[in-house]
Amino acid sequence: MVSIGYFLSSEEHGPRDLVRQARWAEQAGFERLWISDHYHPWNDEQGNSPFVWSVIGALSEVTSLPITTAVTCPTVRIHPAVVAQAAATAAVQCQGGFTLGVGSGEALNEHIFGDPWPSAPQRLEMLEEAVEVMRALWTGDEVSHRGKHYTVENARLYTVPSSPVPVYVSAFGPKAAQLAGRIGDGLCSTMPDESLLAKFREAGGEGKPTQAGFKVCHASSAEAAVKTAHRLWANEQLPGELAQVLPTPKHFEQASTLVTEEMVASALPVGPDPRPYADRVREFADAGYDEVYVSQIGPDQEQFFAFWAESVAPALRGA
């Protein structure tokens, strides 16, 4: 069976709530954590966006679960040399149980300094160079680098973990999956897509860990859950590259008016029946993922963890 983790939503919850949820997740039997890294939420209803590195520091003091960022963009908003320092510190705080999940980013988070938003091929090129810079710094040696996108001069990290920080690369299409296989220590995604995993493995990812996550909404009725999920996360159902190119929460709100409650209901497990939740985990497991992360939508977090421990986990064990 896959290892099952909990996905902490930095867009929907403040820092103290995220720490509380991590404790509940460990008590409910979840084995690891994902945490999102955003400057903005996707829409104003979600209403949060704490600085992920501060939250990770707090998490390291209240849980022993391994933590992965899902995902950090180390290319535009924050220079990779600074992300390298943040990730190295997180790895020390988590006593080695930290993985840096990276991706090519979204304009929503990265446009804030007014820089032009690069094309997808350029973003992947920048991501590859950023990973090169970070890995050089994690050696603890002094680093000078003059590349196409980044310059580092006489930089040295003095607080580094005993082994380099693992880097898992996010992928939603074949080019990113190939990059992940070539430069990553693992893969992150949100799609139970066997062909994506095949591209990753063919490009050098054979034997490397793979992670994926999905959202759910537990409530006393499926109808109530759909309304909550539609209000908070209709943006999840937007097609194509909109998630990468729309620049503000207001734009996502405008685009999300095209998403119906029926679309949300058909896309994710909702309501009080544990079977759809267990079936979705199995879907990712059957696709070949090693780790699967679940994120509860809405304020009823404590009730969700009780539901998972009492109803979903036994259904998965009995499979």
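**Entry 1: β5 and β6**

I began with strand β5 and strand β6 (residues 151-155), which run antiparallel and are joined by three bridges. This is a predicted model, and I read every entry with that in mind. I looked up how the chain gets from β5 to β6: a hairpin of four residues joins them. Then I checked one pairing. H145 stands opposite V152 in β6.

Which residues of β5 are on the covered face? I found V143 and H145 there, while S144 and R146 are on the uncovered face. Strand β5 spans residues 143-146.

N154 is not a glycine, yet its phi is positive, about 50°. Its relative accessibility is 48%, so N154 counts as partly exposed.

**Entry 2: the barrel**

Next I traced the barrel. Eight strands close into it, in the order β1-β2-β3-β4-β7-β8-β9-β10, and the pairing is parallel. On average, neighbouring strands of this sheet are turned by 25° against each other, direction ignored.

I looked at two of the pairings. Strand β2 covers residues 33-35 and strand β3 covers residues 67-69; three bridges pair them in the parallel sense. I35 has T69 as its bridge partner in β3. Strand β7 (residues 167-170) also pairs with β8 in the parallel sense, over three bridges. Here Y168 stands opposite G186 in β8.

Is β8 covered on one face or on both? I found both covered. G186 and C188 lie on one side, L187 and S189 on the other, and all are buried.

**Entry 3: helices on the sheet**

I then looked for helices against these strands. Helix α7 (residues 194-205) lies across β8 (186-189) and β9 (210-216). Helix α7 runs at about 155° to β8. Helix α12 (residues 275-287) also packs on the sheet, where α12 touches β1 (3-8), β9 and β10 (291-296). The direction of α12 makes about 155° with that of β9.

**Entry 4: α5 against α6**

I checked a helix pair next. Helix α5 takes in residues 120-137 and helix α6 residues 174-183. Their axes come within 11 Å and cross at roughly 15°. An angle under 35 degrees counts as roughly parallel, so α5 is roughly parallel to α6. I noted the crossing of α5 and α6 as right-handed.

Which residues make the contact? From α5 I listed L124, L127, E128, V131 and R135. From α6 I listed K175, A176, L179, R182 and I183.

G173 lies in the loop between β7 and α6. G173 counts as partly exposed because its relative accessibility is 22%, and the cut-off for buried is under 20%. I also took a distance along the way: G173 and S256 are 83 residues apart along the chain, with 22 Å between their C-alpha atoms.

**Entry 5: the cores**

I turned to the nonpolar residues. The largest nonpolar core has 72 residues. F30, F98, L100, W138 and W308 have the most contacts inside it. I followed W138 and left out residues up to four places away in sequence: W138 touches A84, A87, A88, L100, L157, V160, V165 and V167. Apart from that core lies another, of 19 residues, including W42, V264, V270 and I297. The general background is that nonpolar side chains tend to be buried together in soluble globular proteins.

**Entry 6: E253**

E253 sits in helix α10 (residues 249-256). Its relative accessible area is 26%, so E253 is partly exposed. Not counting residues up to four places away in sequence, E253 touches N43 and D44. E253 and W233 are 20 residues apart in sequence, and their C-alpha atoms are 9.9 Å apart.

**Entry 7: backbone checks**

I closed with the backbone. Most peptide bonds are trans, and most residues other than glycine have a negative phi. The bond from A70 to V71 is cis, with omega near -10°. V71 is in the loop between β3 and α3 (80-93).

Q95 is not a glycine, but its phi is positive, about 55°. I placed Q95 in the loop between α3 and β4 (98-102). Is Q95 buried or exposed? Q95 is exposed, because its relative accessible area is 76%.

Note on methods. Residues are numbered from 1 along each chain as its sequence is written. This is a predicted model: local features need pLDDT of at least 70, side-chain atom pairs count only at pLDDT 80 or more; totals for chains, interfaces and linings use all residues. Side-chain values use heavy atoms; hydrogens and water are left out. A nonpolar core is a set of buried Ala, Val, Leu, Ile, Met, Phe, Trp, Tyr and Cys residues joined through side-chain atoms within 4.5 Å. Buried means under 20% relative accessible area, exposed over 50%, partly exposed in between (1.4 Å probe, protein chains only). Contact means heavy atoms within 4.5 Å. Two strands pair if DSSP finds at least two bridges between them. Helices (H or I, at least four residues) and strands (E, at least two) are DSSP runs, numbered from the N terminus. Axes are lines fitted to C-alpha atoms, for helices over the stretch in contact, and angles run from 0 to 180 degrees between N-to-C directions. Angles under 35 degrees count as roughly parallel, over 145 as roughly antiparallel, 65 to 115 as roughly perpendicular and the rest as oblique. A crossing is left-handed if the near helix is turned anticlockwise from the far one by less than a right angle, and right-handed if clockwise.
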